[in-house]
Amino acid sequence: MTNVKEMEKSFYKDVLTGLRSVPKRLEPKYLYDYRGSELFEEITKTPEYYPTRTEMRILKKELNSISHYIGDDAALIEFGSGSSEKIKFLLHHLKGIKEYVAIDISESFLLQSVEKLKKEHQHLYVHTVCADYTVPFSLPSLKAKKKVLFFPGSTIGNFDKQERKTFLNQMSTLLTKGDGFIIGVDLKKDEKLLHSAYNDAKQVTRAFNLNLLQRMNRELLANFIVENFEHKAFYNHEEGRVEMHIESLKNQLVTIGEEEVSFQKGETIHTESSYKFSVQEFQNLAKEANFIPKKVWTDEENLFSVHYLEVKA
Ligand code: AVJ
């Protein structure tokens, strides 16, 4: 288990480093405290945010094919247990899953969602790991014959070029020859659709982004005045990613713990990138990280893709 005090210390350190950088930035993982995880769940229910719903539709449509790739004695290992709908669905319908490992950075969220699962699947071996999967960690020892990693929601899109390389390589080291990796990847598409997915009318995405300021107020004794900042999200064509920023609406000075940080009017904190890929682009990445792309499932409108990769050696 990760020590909470240690986590808070590194949050403080990372915040100061990020806000003293030019341009200012904060790692997207910090968006997901308990409140942030709740708000993300709410985002997935907005009409504009298509990824979660589309991925779920693909899983339903392709259940038989997925079952074939998973096999009859597998441990499913999930990153980010916030996506409980997808997991519930797979565990309920795929008899080949004998064991389940939930890995999440938010311990309270993790324990809560896993408690329910245990009650509903009494014959399933369930393990929880509270970890930051952007740094190396190891898996508990498992009983099932085959390991299949499950990384839905296009969270891979949060990582920059180097981070996703490291991540995919690290995932392949958790596995042995013949093990699998099911990963959801958001596809490149019409810019207007992307824009509205990150600028929903009910402004849930705005609340999700600005919660990061409130989190710093709560946990780091910062004094951000939330009204003095605004949510900003747009598609960056050259980079092939949606960028989410928090924009300062005026020149201002903010205290964070013992330190002060100044903001110029119009200056932003880059809080998240969400890269979009073509099927080919993603398969090439997978190949570079010791995986064989075995199968890709998509929806009819080509909004989203789910890949089955097999580890090579
Ligand atoms: C959970 C990282 C996949 O990038 O679409 C949703 C997070 N941010 N709306 C995404 C998010 C703003 C989401 N991921």
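I began with the residues of the shell around the ligand and sorted them by kind: seven are nonpolar, six polar and one charged. The model is a predicted one, and I kept that in mind throughout.

Next I looked up how many residues surround the ligand, and the count is 14. The closest are Tyr 49, Gly 153, Tyr 198, Glu 272 and Ser 274.

I then checked distances to polar side-chain atoms. Tyr 49 has a side-chain N or O atom 2.5 Å from an oxygen atom of the ligand. For Tyr 198, a polar side-chain atom also lies 2.5 Å from a ligand oxygen. Glu 272 faces another kind of atom: an N or O atom of its side chain is 2.6 Å from a nitrogen atom of the ligand. I looked up the cover as well: the ligand taken alone exposes 350 Å², and the protein buries 97% of that.

Which elements each supply at least two residues of the shell? I found helix H2 (34-43), helix H9 (204-220) and strand S11 (268-275).

S1 pairs with S11 in the parallel sense over two bridges, and Lys 24 stands opposite Ile 269 in S11.

I noted a general point before going on: strands of a sheet pair through backbone hydrogen bonds, either parallel or antiparallel.

Then I turned to another open sheet, which has seven strands in the order S4-S3-S2-S5-S6-S13-S12 and mixed pairing. Its edge strands, strand S4 (125-130) and strand S12 (291-298), each pair on one side only. From one strand to the next, the twist averages 20°.

Inside this sheet I looked at one pair. Strand S5 (residues 146-151) and strand S6 (residues 180-186) are parallel and share four bridges. Phe 151 stands opposite Ile 183 in S6.

Last, I looked up helices against this sheet. Helix H3 (residues 50-61) packs on it, touching S5, S6, S12 and strand S13 (304-311), and its direction makes about 60° with that of S13. Helix H6 (residues 107-120) lies across strand S3 (97-104) and S4, at about 175° to S4.

Note on methods
Residues numbered from 1 in each chain as written. Predicted model: local features only at pLDDT ≥ 70, side-chain atom pairs only at ≥ 80, totals over all residues. Heavy atoms only, no water. Near = heavy atom within 4 Å. Polar contact = N/O pair within 3.5 Å; in protein donor to acceptor, adjacent residues only side chain to side chain. Areas by Shrake-Rupley, 256 points an atom, 1.4 Å probe, with all protein chains shown as cover. Nonpolar A, V, L, I, M, F, W, Y, C, P; charged D, E, K, R; others polar. Pairing = 2+ DSSP bridges. Axes fitted to C-alpha atoms, helices over the stretch in contact; angles between N-to-C directions. Contact = heavy atoms within 4.5 Å.
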